[in-house]
Amino acid sequence: MRIIINSSSMVPIYEQVADQIKTLIRDGELKAKDILPSVRVLSKELKISALTVKKAYDSLEEKGFAVTVHGKGTYVAAVNPGLLLEEQKKELEADLEMAVQKGRRYGISDEDIRSLFELILEG
């Protein structure tokens, strides 16, 4: 399982881990009943605290993407990839709305915001 941590990101590390696992589920790389790496193994692999991995797994479990069986590990729950994609779109929409509001607070015109968005999309 390939997870990349961006330590300079404003997104908490546990959210980065959880989001990337959700993407792996959506893309079919992780399927229902697949076992996730143990908290210790993943924390060692990513060079992050085991508590951070545990928090990511707890978040996935809380949202219905994973199931933890005490003493056995954490498994991918049966998830509808379409529903997962919709959830991710909803999160993105909220983030974009916050960015637009911030731009407006700074006095940036909607047209300039659109231009900035298009520049970012061009990469």
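Q: Which residues does I13 touch, leaving out those up to four places away in sequence?
A: I13 touches I5, I48 and T52 on that count, where contact means heavy atoms within 4.5 Å.

Q: Before going on, what sort of model is this, and how is it numbered?
A: This is a predicted model, in which local features need pLDDT of at least 70, side-chain atom pairs count only at pLDDT 80 or more, and totals for chains, interfaces and linings use all residues. Residues are numbered from 1 along each chain as its sequence is written, and side-chain values use heavy atoms, with hydrogens and water left out.

Q: Back to I13. Which element holds it?
A: I13 is in helix α1. Helices (H or I, at least four residues) and strands (E, at least two) are DSSP runs, numbered from the N terminus.

Q: Is I13 buried, partly exposed or exposed?
A: I13 counts as partly exposed, because its relative accessibility is 31%. The cut-offs are under 20% relative accessible area for buried and over 50% for exposed, with partly exposed in between (1.4 Å probe, protein chains only).

Q: Let's zoom out. How many helices and strands does the chain have?
A: There are 5 helices and 2 strands. Along the sequence they follow α-α-α-β-β-α-α.

Q: What about overall dimensions?
A: The C-alpha trace spans about 55 × 30 × 25 Å along its principal axes. The radius of gyration is 17 Å, whereas a compact globule of 123 residues would have one near 14 Å. That radius is taken over C-alpha atoms, and the globule rule is 2.2 Å times the number of residues to the power 0.38.

Q: How much of the chain is buried?
A: Buried residues make up 23% of the 123 residues. The chain exposes about 8800 Å², and carbon and sulfur atoms supply 56% of that. The areas come from the Shrake-Rupley method with a 1.4 Å probe; for residues, only the protein chains shown count as cover.

Q: What share of the contacts join residues at least 24 apart?
A: The share is 51%, among contacts between residues at least 6 apart in sequence.

Q: Now the strands. How do β1 and β2 run?
A: Strand β1 (residues 66-69) and strand β2 (residues 73-76) run antiparallel and are joined by 4 bridges. Two strands pair if DSSP finds at least two bridges between them.

Q: Which residues of β2 stand opposite A66 and V67?
A: A66 stands opposite V76, and V67 stands opposite Y75.

Q: Which residues other than glycine have a positive phi?
A: Among them are K33, with phi near 80 degrees, and K47, with phi near 60 degrees. Most residues other than glycine have a negative phi.

Q: Where do K33 and K47 sit?
A: K33 is in the loop between α1 (13-26) and α2 (39-46), and K47 is in the loop between α2 and α3 (50-62). K33 is exposed at 71% relative accessible area, and K47 is exposed at 75%.

Q: Last topic, helix α4. What does E87 touch?
A: E87 lies in α4 (residues 81-105) and touches K22, K63 and F65, not counting residues up to four places away in sequence. E87 is partly exposed, at 22% relative accessibility.
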